[in-house]
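Subject: Structure handover, with notes on helix packing and the pocket

Dear colleague,

I am passing on the structure below, together with an account of what was found in it. Please read the notes with the structure open beside them.

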Amino acid sequence: MNFEAIKAIYGFEMARTRRTLLQSVVSPVISTSLYFIVFGAAIGSRIPQVEGVSYGAFITPGLIMLTLLGQCISNGSFGIYFPKFSGTIYEVLSAPVAMTEIVLGYVGAAATKGMLIGLIILLTANFFVDITIEHPFMMILFFVLTAVTFSLLGFMIGIWAGNFEQLNLIPMLVVPPLTFLGGSFYSINMLPPFWQAVSHLNPVLYLVSGFRWSFYGIADVNPVLSLAMITLFLVICLATLWWIFKTGYRLRS
(Lines give C-alpha, C1' and ligand atoms only; values in the text may rest on other atoms or scores of the structure.)
Protein backbone atom coordinates (compact mmCIF):
# COMPACT_ATOMS: atom_id res chain seq x y z
CA MET A 1 0.00 0.00 0.00
CA ASN A 2 1.46 3.35 -1.12
CA PHE A 3 0.52 5.53 1.84
CA GLU A 4 2.46 8.50 0.49
CA ALA A 5 0.25 8.54 -2.63
CA ILE A 6 -2.90 8.36 -0.52
CA LYS A 7 -1.60 11.14 1.72
CA ALA A 8 -0.75 13.34 -1.28
CA ILE A 9 -4.18 12.98 -2.92
CA TYR A 10 -6.01 13.32 0.39
CA GLY A 11 -3.96 16.37 1.41
CA PHE A 12 -4.50 18.10 -1.92
CA GLU A 13 -8.27 17.63 -1.73
CA MET A 14 -8.45 18.83 1.88
CA ALA A 15 -6.34 21.89 0.98
CA ARG A 16 -8.95 22.80 -1.64
CA THR A 17 -11.54 22.96 1.15
CA ARG A 18 -9.39 25.38 3.13
CA ARG A 19 -9.10 27.62 0.06
CA THR A 20 -12.89 27.75 -0.29
CA LEU A 21 -13.74 27.97 3.41
CA LEU A 22 -16.60 30.45 2.93
CA GLN A 23 -18.38 28.24 0.41
CA SER A 24 -17.54 24.97 2.17
CA VAL A 25 -18.44 25.83 5.76
CA VAL A 26 -20.25 29.14 6.15
CA SER A 27 -22.82 28.48 3.42
CA PRO A 28 -24.16 25.20 4.92
CA VAL A 29 -24.41 26.82 8.37
CA ILE A 30 -26.47 29.71 7.00
CA SER A 31 -28.68 27.31 5.00
CA THR A 32 -29.31 25.16 8.06
CA SER A 33 -30.18 28.18 10.17
CA LEU A 34 -32.71 29.25 7.54
CA TYR A 35 -34.23 25.75 7.52
CA PHE A 36 -34.74 25.95 11.27
CA ILE A 37 -36.21 29.43 11.04
CA VAL A 38 -38.63 28.51 8.24
CA PHE A 39 -39.50 24.91 9.07
CA GLY A 40 -38.86 24.97 12.81
CA ALA A 41 -40.62 28.23 13.57
CA ALA A 42 -43.27 28.54 10.86
CA ILE A 43 -44.29 24.89 10.49
CA GLY A 44 -43.21 23.84 13.99
CA SER A 45 -45.75 26.21 15.52
CA ARG A 46 -48.49 24.22 13.75
CA ILE A 47 -46.92 20.78 14.36
CA PRO A 48 -45.67 20.92 17.96
CA GLN A 49 -44.53 17.29 18.07
CA VAL A 50 -44.00 14.30 15.80
CA GLU A 51 -44.11 10.93 17.57
CA GLY A 52 -43.31 12.57 20.89
CA VAL A 53 -40.39 14.67 19.59
CA SER A 54 -40.51 18.42 19.01
CA TYR A 55 -40.71 19.24 15.33
CA GLY A 56 -37.43 21.18 15.30
CA ALA A 57 -35.59 18.26 16.88
CA PHE A 58 -37.40 15.79 14.60
CA ILE A 59 -36.12 17.41 11.39
CA THR A 60 -32.52 17.73 12.61
CA PRO A 61 -31.36 14.24 11.46
CA GLY A 62 -33.02 14.87 8.09
CA LEU A 63 -31.22 18.21 7.72
CA ILE A 64 -27.89 16.60 8.57
CA MET A 65 -28.55 13.79 6.07
CA LEU A 66 -29.63 16.29 3.39
CA THR A 67 -26.38 18.22 3.80
CA LEU A 68 -24.23 15.09 4.11
CA LEU A 69 -25.55 13.55 0.88
CA GLY A 70 -25.14 16.76 -1.10
CA GLN A 71 -21.66 17.55 0.22
CA CYS A 72 -20.28 14.02 -0.23
CA ILE A 73 -21.59 13.68 -3.78
CA SER A 74 -20.40 17.16 -4.80
CA ASN A 75 -16.94 16.79 -3.25
CA GLY A 76 -16.51 13.26 -4.57
CA SER A 77 -17.56 14.13 -8.10
CA PHE A 78 -15.63 17.40 -8.44
CA GLY A 79 -12.49 15.88 -6.93
CA ILE A 80 -12.06 13.39 -9.79
CA TYR A 81 -13.78 15.39 -12.55
CA PHE A 82 -11.42 18.36 -12.41
CA PRO A 83 -8.29 16.21 -13.05
CA LYS A 84 -10.18 14.73 -16.02
CA PHE A 85 -11.12 18.20 -17.22
CA SER A 86 -7.56 19.53 -16.92
CA GLY A 87 -5.91 16.35 -18.19
CA THR A 88 -3.89 15.69 -15.02
CA ILE A 89 -5.81 12.42 -14.44
CA TYR A 90 -3.40 10.72 -16.88
CA GLU A 91 -0.49 11.55 -14.60
CA VAL A 92 -2.31 9.86 -11.73
CA LEU A 93 -3.20 6.80 -13.83
CA SER A 94 0.37 6.44 -15.18
CA ALA A 95 1.95 6.79 -11.72
CA PRO A 96 2.74 3.69 -9.62
CA VAL A 97 -0.50 4.15 -7.69
CA ALA A 98 -3.06 1.36 -7.34
CA MET A 99 -6.79 1.78 -7.87
CA THR A 100 -7.50 1.34 -4.18
CA GLU A 101 -5.01 4.07 -3.30
CA ILE A 102 -6.59 6.53 -5.73
CA VAL A 103 -10.05 5.76 -4.35
CA LEU A 104 -8.89 6.01 -0.73
CA GLY A 105 -7.36 9.42 -1.40
CA TYR A 106 -10.24 11.02 -3.28
CA VAL A 107 -13.16 9.30 -1.55
CA GLY A 108 -11.54 9.59 1.87
CA ALA A 109 -11.19 13.35 1.45
CA ALA A 110 -14.76 13.74 0.15
CA ALA A 111 -16.17 11.69 3.05
CA THR A 112 -14.08 13.65 5.58
CA LYS A 113 -15.31 16.98 4.25
CA GLY A 114 -18.92 15.78 4.23
CA MET A 115 -18.70 14.52 7.81
CA LEU A 116 -17.08 17.74 9.00
CA ILE A 117 -19.93 19.75 7.51
CA GLY A 118 -22.43 17.30 9.03
CA LEU A 119 -20.90 17.78 12.48
CA ILE A 120 -21.01 21.56 12.04
CA ILE A 121 -24.71 21.27 11.16
CA LEU A 122 -25.26 19.18 14.30
CA LEU A 123 -23.54 21.81 16.44
CA THR A 124 -25.53 24.57 14.75
CA ALA A 125 -28.79 22.72 15.44
CA ASN A 126 -28.03 22.74 19.17
CA PHE A 127 -28.49 26.50 19.15
CA PHE A 128 -32.09 26.05 17.99
CA VAL A 129 -33.37 22.81 19.56
CA ASP A 130 -32.53 20.29 22.26
CA ILE A 131 -31.00 17.18 20.73
CA THR A 132 -30.47 13.78 22.31
CA ILE A 133 -28.59 10.82 20.85
CA GLU A 134 -29.92 7.57 22.28
CA HIS A 135 -27.68 5.28 20.25
CA PRO A 136 -24.36 7.10 19.67
CA PHE A 137 -22.53 4.08 18.22
CA MET A 138 -25.26 3.48 15.64
CA MET A 139 -25.39 7.20 14.90
CA ILE A 140 -21.65 7.18 14.07
CA LEU A 141 -22.06 3.98 12.03
CA PHE A 142 -24.91 5.39 9.91
CA PHE A 143 -23.03 8.69 9.60
CA VAL A 144 -19.76 7.13 8.36
CA LEU A 145 -21.38 4.52 6.09
CA THR A 146 -23.54 7.17 4.42
CA ALA A 147 -20.60 9.53 3.94
CA VAL A 148 -18.38 6.85 2.40
CA THR A 149 -21.13 5.40 0.20
CA PHE A 150 -22.24 8.70 -1.29
CA SER A 151 -18.65 9.89 -1.70
CA LEU A 152 -18.12 6.74 -3.79
CA LEU A 153 -21.28 7.60 -5.75
CA GLY A 154 -19.98 11.12 -6.31
CA PHE A 155 -16.61 9.73 -7.43
CA MET A 156 -18.38 7.61 -10.05
CA ILE A 157 -20.47 10.56 -11.18
CA GLY A 158 -17.26 12.56 -11.65
CA ILE A 159 -15.83 9.78 -13.83
CA TRP A 160 -19.04 9.48 -15.84
CA ALA A 161 -19.67 13.21 -16.35
CA GLY A 162 -18.55 14.62 -19.67
CA ASN A 163 -19.23 18.26 -18.81
CA PHE A 164 -20.19 20.47 -15.88
CA GLU A 165 -23.89 20.12 -16.66
CA GLN A 166 -23.74 16.35 -16.25
CA LEU A 167 -21.58 16.81 -13.14
CA ASN A 168 -24.37 18.75 -11.42
CA LEU A 169 -27.27 16.74 -12.83
CA ILE A 170 -27.65 14.14 -10.06
CA PRO A 171 -26.59 16.32 -7.09
CA MET A 172 -28.99 19.10 -8.08
CA LEU A 173 -31.95 17.35 -9.74
CA VAL A 174 -32.06 13.86 -8.21
CA VAL A 175 -30.70 13.90 -4.65
CA PRO A 176 -32.64 16.89 -3.19
CA PRO A 177 -36.10 15.62 -4.26
CA LEU A 178 -35.32 12.13 -2.95
CA THR A 179 -34.16 13.62 0.35
CA PHE A 180 -37.15 15.93 0.74
CA LEU A 181 -39.54 13.07 -0.10
CA GLY A 182 -37.62 10.60 2.08
CA GLY A 183 -39.11 11.64 5.39
CA SER A 184 -36.56 14.35 6.20
CA PHE A 185 -39.21 16.82 7.35
CA TYR A 186 -42.08 14.50 8.22
CA SER A 187 -42.90 10.95 9.25
CA ILE A 188 -44.30 8.81 6.45
CA ASN A 189 -46.84 7.56 9.00
CA MET A 190 -48.55 10.91 8.44
CA LEU A 191 -49.20 9.96 4.79
CA PRO A 192 -52.10 7.92 3.33
CA PRO A 193 -51.34 4.18 2.94
CA PHE A 194 -50.73 4.44 -0.81
CA TRP A 195 -48.07 7.14 -0.45
CA GLN A 196 -46.50 5.26 2.45
CA ALA A 197 -46.01 2.32 0.09
CA VAL A 198 -44.57 4.61 -2.59
CA SER A 199 -42.18 6.18 -0.05
CA HIS A 200 -40.68 2.77 0.66
CA LEU A 201 -39.33 2.78 -2.91
CA ASN A 202 -37.20 5.81 -2.04
CA PRO A 203 -33.74 4.63 -0.89
CA VAL A 204 -33.10 7.85 1.03
CA LEU A 205 -36.01 7.01 3.36
CA TYR A 206 -33.97 4.17 4.86
CA LEU A 207 -30.98 6.44 5.48
CA VAL A 208 -32.99 9.19 7.14
CA SER A 209 -35.11 6.76 9.15
CA GLY A 210 -32.12 4.81 10.49
CA PHE A 211 -30.23 8.00 11.31
CA ARG A 212 -33.24 9.47 13.12
CA TRP A 213 -33.66 6.24 15.09
CA SER A 214 -30.11 6.61 16.39
CA PHE A 215 -31.12 10.00 17.82
CA TYR A 216 -34.59 9.44 19.29
CA GLY A 217 -35.36 5.74 18.99
CA ILE A 218 -38.18 6.37 16.48
CA ALA A 219 -38.14 5.18 12.87
CA ASP A 220 -40.37 4.80 9.84
CA VAL A 221 -38.67 1.51 8.91
CA ASN A 222 -36.80 -1.11 10.91
CA PRO A 223 -33.27 0.17 11.74
CA VAL A 224 -31.81 -3.23 10.81
CA LEU A 225 -33.36 -2.87 7.34
CA SER A 226 -31.96 0.66 7.10
CA LEU A 227 -28.48 -0.61 7.92
CA ALA A 228 -28.84 -3.45 5.42
CA MET A 229 -29.89 -1.02 2.66
CA ILE A 230 -26.96 1.34 3.13
CA THR A 231 -24.57 -1.64 3.28
CA LEU A 232 -26.06 -3.03 0.06
CA PHE A 233 -25.69 0.34 -1.65
CA LEU A 234 -22.05 0.50 -0.50
CA VAL A 235 -21.37 -2.94 -1.99
CA ILE A 236 -23.02 -1.93 -5.28
CA CYS A 237 -20.89 1.24 -5.45
CA LEU A 238 -17.69 -0.71 -4.76
CA ALA A 239 -18.55 -3.33 -7.40
CA THR A 240 -19.36 -0.63 -9.98
CA LEU A 241 -16.16 1.23 -9.21
CA TRP A 242 -14.14 -1.98 -9.60
CA TRP A 243 -15.69 -2.46 -13.04
CA ILE A 244 -14.90 1.14 -14.02
CA PHE A 245 -11.22 0.76 -13.18
CA LYS A 246 -11.04 -2.70 -14.74
CA THR A 247 -12.46 -1.52 -18.06
CA GLY A 248 -11.09 2.05 -17.98
CA TYR A 249 -14.59 3.45 -18.61
CA ARG A 250 -14.38 7.22 -19.23
CA LEU A 251 -10.78 7.21 -17.99
CA ARG A 252 -8.74 6.02 -20.95
CA SER A 253 -10.72 7.69 -23.74
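A crossing of two helices is called right-handed if the near helix is turned clockwise from the far one by less than a right angle, and left-handed if the turn is anticlockwise. In that sense α3 passes α6 in a right-handed crossing, and please keep in mind throughout that this is a predicted model.

Helix α3 spans residues 55-86 and helix α6 residues 136-160, and the two pack at an angle of about 35° with their axes 7 Å apart. On the α3 side the contact includes I64, M65, L68, L69, C72 and I73, while on the α6 side F143, T146, A147, F150 and W160 are among the residues that take part. By class, the residues of this contact divide into 16 nonpolar, six polar and one charged.

Helix α6 also packs against helix α10 (residues 203-216), at an angle of about 155° and with the axes 8 Å apart. Angles over 145 degrees count as roughly antiparallel, and α6 and α10 are therefore roughly antiparallel to each other. Their crossing is left-handed, and the contact is made by M138, M139, F142, F143, T146 and F150 of α6 with L207, G210, F211, W213, S214 and F215 of α10. Nine nonpolar and three polar residues make up this contact, with no charged residues.

The remaining pair to report is α3 with α10, which pack at an angle of about 130° with their axes 9 Å apart, and that angle makes α3 oblique to α10. Here α3 passes α10 in a right-handed crossing. Among the residues that meet are A57, F58, I59, I64, M65 and L69 in α3 and V204, L207, V208, F211 and F215 in α10. The contact has 13 nonpolar, two polar and one charged residues.

Turning to open space, the largest pocket holds about 970 Å³. Of the 34 residues that line this pocket, Q23, G70, Q71, S74 and N75 are the closest to its centre. The elements that give two or more residues to the lining are α1 (3-19), α2 (21-43), α3, α5 (99-125), α7 (164-173) and α8 (175-180), and α3 supplies the largest share, nine residues. By class, the lining has 18 nonpolar, 14 polar and two charged residues.

With best regards

Note on methods: Residues are numbered from 1 along each chain as its sequence is written. This is a predicted model: local features need pLDDT of at least 70, side-chain atom pairs count only at pLDDT 80 or more; totals for chains, interfaces and linings use all residues. Side-chain values use heavy atoms; hydrogens and water are left out. Axes are lines fitted to C-alpha atoms, for helices over the stretch in contact, and angles run from 0 to 180 degrees between N-to-C directions. Helices (H or I, at least four residues) and strands (E, at least two) are DSSP runs, numbered from the N terminus. Contact means heavy atoms within 4.5 Å. Ala, Val, Leu, Ile, Met, Phe, Trp, Tyr, Cys and Pro count as nonpolar, Asp, Glu, Lys and Arg as charged, and the others, Gly among them, as polar. Angles under 35 degrees count as roughly parallel, over 145 as roughly antiparallel, 65 to 115 as roughly perpendicular and the rest as oblique. On a 1 Å grid over the protein atoms alone, a cavity is a set of points where a 1.4 Å probe fits but cannot get out, and a pocket is an open set with protein on both sides within 12 Å along at least five of seven lines; lining residues have an atom within 4 Å of a point. Grid points are joined across faces, edges and corners, and a volume is the space filled by probe spheres set on the points.
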